[in-house]
Amino acid sequence: MPILAGICPECECPTAGEASLVCTGCGGAFHAACVGGAEGAAAWTCKACALRVIRCALCGDFALAEDVNACDRPGCRLAACLDCAPERFDCPAHACAGCGAPIDEEEPDVRCVRCPRAFHRACRPKAALPVTSTVVKCVAHVAEVPPVLDEARFRRRRACDVDGAREELAEARKRGFSEAGFSDDGGASDGGGAGGPSGFSEEGVVPRGAAV
């Protein structure tokens, strides 16, 4: 779902004249009533940004931020999940879905609230549901229910990431101790010779005949 100025990503309705919160991550303006927040909060982050997940611009489902590919166009913030776009892609927001001609960034256009489709004003489909004068809901989405963010699922994924990172760190520390000649408990590992690699015996005395 694209982030459109003045449109709440939760209910897809205008925020003008209503209490709203702006996410510090994606920049979206949400109705305070839609997200259960207090109007005017100095720093607020939406659930998706807090979990570092992104809604796919093509299928509308959510994916981890590291599991998406961004649009190739400079300045475009849209991204798609790996199932929809295994590689970087050119999203539909840059060409009119009606006539196929490029969208001129300097000229006003009409955009879908649910997907990246954009239209020249003259190409705006009559069957599209108007949201504002420049925002519509495509015919394909009029009766469609958008995917809901499964917070529990993504929290589990993030918890697994943390646990995995801790295990990797522990293994790295073990490898580091081993390569440095230390055992896991912090003591010196066995070395060659009676006195070990340091030239000291187990009692801490320099063996007779050892070079000092």
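Me: Leaving aside its neighbours within four places in sequence, what is Asn69 in contact with?

Reply: Asn69 is in contact with Ala79, Ala80, Leu82, Ala85, Pro86, Glu87, Arg88 and Phe89, once its neighbours within four places in sequence are left aside; contact means heavy atoms within 4.5 Å. This is a predicted model, in which local features need pLDDT of at least 70 and side-chain atom pairs count only at pLDDT 80 or more, while totals for chains, interfaces and linings use all residues. Residues are numbered from 1 along each chain as its sequence is written, and side-chain values use heavy atoms, with hydrogens and water left out.

Me: Where does Asn69 lie, and is it buried or exposed?

Reply: Asn69 lies in strand E5, residues 68-70, and its relative accessibility of 15% makes it count as buried. Buried means under 20% relative accessible area, exposed means over 50%, and partly exposed is in between, with a 1.4 Å probe and protein chains only. Strands (E, at least two residues) and helices (H or I, at least four) are DSSP runs numbered from the N terminus.

Me: Which backbone oxygens lie by the polar atoms of the Asn69 side chain?

Reply: The backbone oxygen of Ala85 lies 2.9 Å from a polar atom of that side chain, and the backbone oxygen of Pro86 lies 3.0 Å from a polar atom of the Asn69 side chain.

Me: Stepping back, how many helices and strands does the chain have?

Reply: The chain has 3 helices and 10 strands, and along the sequence they follow the pattern β-β-α-α-β-β-β-β-β-β-β-β-α. Of its 212 residues, 30% are buried.

Me: In what order do the strands of the open sheet come?

Reply: The open sheet has 4 strands in the order E8-E7-E10-E9, with mixed pairing, and two strands pair if DSSP finds at least two bridges between them. Strand E8 (118-120) and strand E9 (129-130) are the edge strands, each pairing on one side only.

Me: In what sense do E7 and E8 pair, and what about E7 and E10?

Reply: E7 and E8 pair in the antiparallel sense over 3 bridges, and a hairpin joins them through 5 residues. E7 and E10, by contrast, pair in the parallel sense over 2 bridges. Arg111 has a bridge partner in each neighbour, namely Ala118 in E8 and Val135 in E10. E9 and strand E10 (residues 135-137) pair in the antiparallel sense over 2 bridges, with Pro130 opposite Val136.

Me: Which way do the residues of strand E7 point?

Reply: In a regular strand the side chains alternate between the two faces of the sheet. In strand E7 (residues 109-112), Asp109 and Arg111 point one way, Val110 and Cys112 point the other way, and all are buried.

Me: What do Asp109 and Arg111 form?

Reply: Asp109 and Arg111 form a salt bridge, with their closest N and O atoms 3.2 Å apart; a salt bridge is a side-chain nitrogen of Lys or Arg within 4 Å of a carboxyl oxygen of Asp or Glu.

Me: How many salt bridges does the structure hold?

Reply: The structure holds 10 salt bridges. One of them joins Arg157 to Asp67, whose closest N and O atoms are 3.7 Å apart. This pair links distant parts of the chain, since Arg157 is in helix H3 (residues 151-179) and Asp67 is in the loop between strand E4 (62-64) and E5, 90 residues apart. Arg157 is partly exposed at 34% relative accessible area, and Asp67 counts as partly exposed at 28%.

Me: Which residues are linked in a network of salt bridges?

Reply: The network links Glu12, Arg114, Lys137 and Glu144. Within it, the side chains of Glu144 and Arg114 meet at 3.2 Å, N to O. Glu144 lies in the loop between E10 and H3 and Arg114 in the loop between E7 and E8, so the pair ties together parts that are 30 residues apart in sequence. Arg114 is buried at 8% relative accessible area, whereas Glu144 counts as partly exposed at 38%.

Me: New topic: how do Phe30 and Trp44 pair?

Reply: Phe30 and Trp44 form an edge-to-face aromatic pair, 5.2 Å centre to centre with 65° between the planes. Rings of Phe, Tyr and Trp (its six-membered ring) pair if their centres lie within 6.5 Å, and planes under 30 degrees apart count as stacked, over 60 as edge-to-face and the rest as tilted. Phe30 lies in strand E2 (residues 29-31) and Trp44 in the loop between helix H1 (32-35) and helix H2 (47-50), so the pair ties together parts that are 14 residues apart in sequence. Both Phe30 and Trp44 are buried.

Definitions and conventions: A polar contact is a pair of N or O atoms within 3.5 Å; within protein, one must be able to donate a hydrogen and the other to accept it, and residues adjacent in sequence count only if both atoms are side-chain atoms.
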